[in-house]
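The sequence and structure come first.

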Amino acid sequence: MTKSVGIAVEQRATFDTPLTLSSGAVLPRYELAYETYGTLNSDKSNAILVCHALSGHHHVAGHYADDPKNIGWWDNMIGPGKPVDTDRFFVIGVNNLGGCNGSTGPSSIAPQTGKPYGSSFPVVTVEDWVESQARLADQLGIKQFAGVIGGSLGGMQAMQWTFSFPERVRHALVIAAAPHLTAENIAFNDVARNAILTDPDFHGGNFYEHGVVPRRGLRLARMLGHITYLSDDAMADKFGRSLRSGKLGYNYDIEFEIESYLRYQGDKFASFFDANTYLLMTKALDYFDPARVYGGDLDKAFSSARADFLVVSFTTDWRFAPERSREIVNALLHNRRNVSYAEITSTHGHDSFLMKHDHYHDVIRTYLNRVAGEVTG
Amino acid sequence: MSAHDPVELAAARPDFAAIAEWIAQGASVLDLGCGDGSLLRFLKDTRKVRGYGIEINDANIVACIRNGVNVIQGDMESGLSGFEDNAFDFVLLSQTLQATRHTEPLVQEMLRVGREGIVSFPNFGYWRNRLSVLRGKMPVSKELPYQWYDTPNVHLCTLHDFEDFCRDFDVTVLERRVMTGNGEVNLLPNLLGSTAVYRFQRGI
């Protein structure tokens, strides 16, 4: 499994038709950064859209010619001969609207003011993302995706695709997702947001013009988030109660390995991620609730879906536990959709969906083999 | 011929053919403990059924997906709570009854989510099994391939046992097929039949 898609090239698509968002706000113009791998077949039926989670982006596989160490975040899943096989599928990675990796977002320059959008960038939802992604599909001439795949918040987009554009998705691969956030999930997101919002360097979201970034807030938000991505077992295995210096210091410096790890992750994240994008992504998570307009009836939410589904969960994921995936599966069963469900035994918590795991990858590979047979045979 | 050729499969698994005969074209089916999905695939090919399997084993999940059948990973005995009442025309339990722990509640659940239940199981009353016990040994055969210390079969029964069970728990047997190898057994079925297949519904 050493083959890679090789050199990835970032592309930009520009959309001049105003996009009306769920909030009622209108984006007159926007850009989406995306990458593609593999070859679109003659009837344009072999495309797979990869939707990203909270901190992801369009660079899902391969590396850049001028930055060989910058490897795509799902490179173990996507490539020649890999579960999402770029020898058979035309794979698209896209950076979501409101992101900070090339697509129009809070850190982009607003044409009206010549300054970064900052606090004036509207809140976007999963529905808005899917709408914007559909326009990208239009530009690429793709009427129907062979598959839409995503983990976590990406899985929510895969689901939303089947509600918003039932005829445009043959298969939805919904991994480590949930039909909506619980109060506990929202609570974690709110603490993370508060860390950013109360950072003196946040400046109400307009920190760009002050030449600062709310690094402390972003760092805390990431540290908290990171805890929820891991499992108790994984943390115990990796760090346990290990001390960096081997003995207690009786002070408040970094002593335990887990403290060191979390701070490192927080610092790294704060050095490249945009605080406003973090706020926006967590809000999109909180708002996602397709059953809401049906009085909480998830079965009704799925009644418009026409896709076949593969739903995957991980045993130690407590952020979106297997029971949450079962809610999705049950709604699909009640609607008599074709669905298969795999519960993967893994120690890595929510992050498992990003890990290389033989059985997990076998499930995805086997499912997509069938899909490839449908669209090419 | 492919591994999924219906003719070949029907010959190899006579209980599959018996089950298929009872199932109407286009019926909805739930297969409990569906293994690698062979039966569902067979019913899909020969009866155009629409259905799902429930299976707990990881390798079988992959095999089902490869077979092109819907499979839900889970323990069928921890409840079919995700399924609504009368959601299926048929609920199947193929060569699995004897491996269920809470057999009675499971059969009741089958008849809650399905209009009819179909089970197939190895007949412990088959003469070869009786002979083996008579000789003082637990039977090991094609139908019962396990050693006593390493077997999933915790609730083996005979035809008479199963029929008593149905009477005691208000289950109405609609049809029965007994076979040995590929041959149908009509004479002394509890003695001469190695495999039994029953179709049943809630008591009326």
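## Terms and basis

A residue is called buried under 20% relative accessible area, exposed over 50%, and partly exposed in between, with a 1.4 Å probe and protein chains only. By that rule A:Arg324 is buried, with a relative accessible area of 8%.

This is a predicted model, in which local features need pLDDT of at least 70 and side-chain atom pairs count only at pLDDT 80 or more, while totals for chains, interfaces and linings use all residues. Residues are numbered from 1 along each chain as its sequence is written, chains are lettered from A and ligands numbered from 1 in the order in which they are written, and side-chain values use heavy atoms, with hydrogens and water left out.

## Interface of chains A and B

Chain A contributes 22 residues and chain B 19 residues to the contact, where contact means heavy atoms within 4.5 Å. The two chains bury about 1,800 Å² between them, 50% of it on carbon and sulfur atoms; buried area here is the accessible area (1.4 Å probe) that two parts lose on being put together, summed over both. On the chain B side, B:Ile65, B:Ile72 and B:Gln73 lose the most area to chain A, and together they make up 30% of what that side buries.

No salt bridges are found across this interface; the rule asks for a side-chain nitrogen of Lys or Arg within 4 Å of a carboxyl oxygen of Asp or Glu. Ten residue pairs are in polar contact, both residues being at pLDDT 80 or more. A polar contact is a pair of N or O atoms within 3.5 Å; within protein, one must be able to donate a hydrogen and the other to accept it, and residues adjacent in sequence count only if both atoms are side-chain atoms. Three elements of chain B, β2 (50-55), α4 (58-67) and β3 (70-73), each supply at least two residues of the side that touches chain A. The largest share, five residues, comes from α4(B). By class, this side of chain B has ten nonpolar, five polar and four charged residues. In that count Ala, Val, Leu, Ile, Met, Phe, Trp, Tyr, Cys and Pro are nonpolar, Asp, Glu, Lys and Arg are charged, and the others, Gly among them, are polar.

## A covered strand in chain A

Helices (H or I, at least four residues) and strands (E, at least two) are DSSP runs, numbered from the N terminus, and two strands pair if DSSP finds at least two bridges between them. Strand β11 of chain A (residues 145-151) is mostly covered, with seven of its seven residues buried.

β11(A) pairs in the parallel sense with strand β5 of chain A (residues 47-51) over four bridges. In this pairing A:Ile149 of β11(A) is the bridge partner of A:Val50. β11(A) also runs parallel to strand β12 of chain A (residues 169-175), to which six bridges join it. There A:Gly147 stands opposite A:His171 of β12(A).

## Antiparallel pairing in chain B

Strand β6 of chain B (residues 171-180) pairs in the antiparallel sense with strand β8 of chain B (residues 195-202) over eight bridges, and B:Glu175 stands opposite B:Arg199 in β8(B).

β6(B) also pairs with strand β7 of chain B (residues 183-184), in the antiparallel sense and over two bridges. B:Met179 stands opposite B:Glu184 in β7(B). The hairpin of β6(B) and β7(B) has two residues between the strands, and B:Gly181 takes a positive phi near 60° there.

## Salt bridges

Over all chains, the search finds 26 salt bridges. In one of them, A:Arg12 and A:Glu31 have their closest N and O atoms 3.3 Å apart. This pair links distant parts of the chain, 19 residues apart: A:Arg12 is in strand β1 (residues 11-15) of chain A and A:Glu31 in strand β4 (residues 30-37) of chain A. A:Arg12 is partly exposed at 46% relative accessibility, and A:Glu31 is partly exposed at 22%.

Two further salt bridges lie within helices. A:Arg324 and A:Glu327 meet at 2.8 Å, N to O; both lie in helix α9 (residues 322-334) of chain A, three residues apart, about one turn of the helix. A:Glu327 is partly exposed, with a relative accessible area of 31%, whereas A:Arg324 is buried. The salt bridge of A:Asp362 with A:Arg365 has its closest N and O atoms 3.9 Å apart, and both residues lie in helix α10 (residues 358-376) of chain A, three residues apart. A:Asp362 is partly exposed at 33%, as is A:Arg365 at 22%. Elsewhere, salt bridges that share partners join A:Glu10, A:Arg12 and A:Glu31 into one network.
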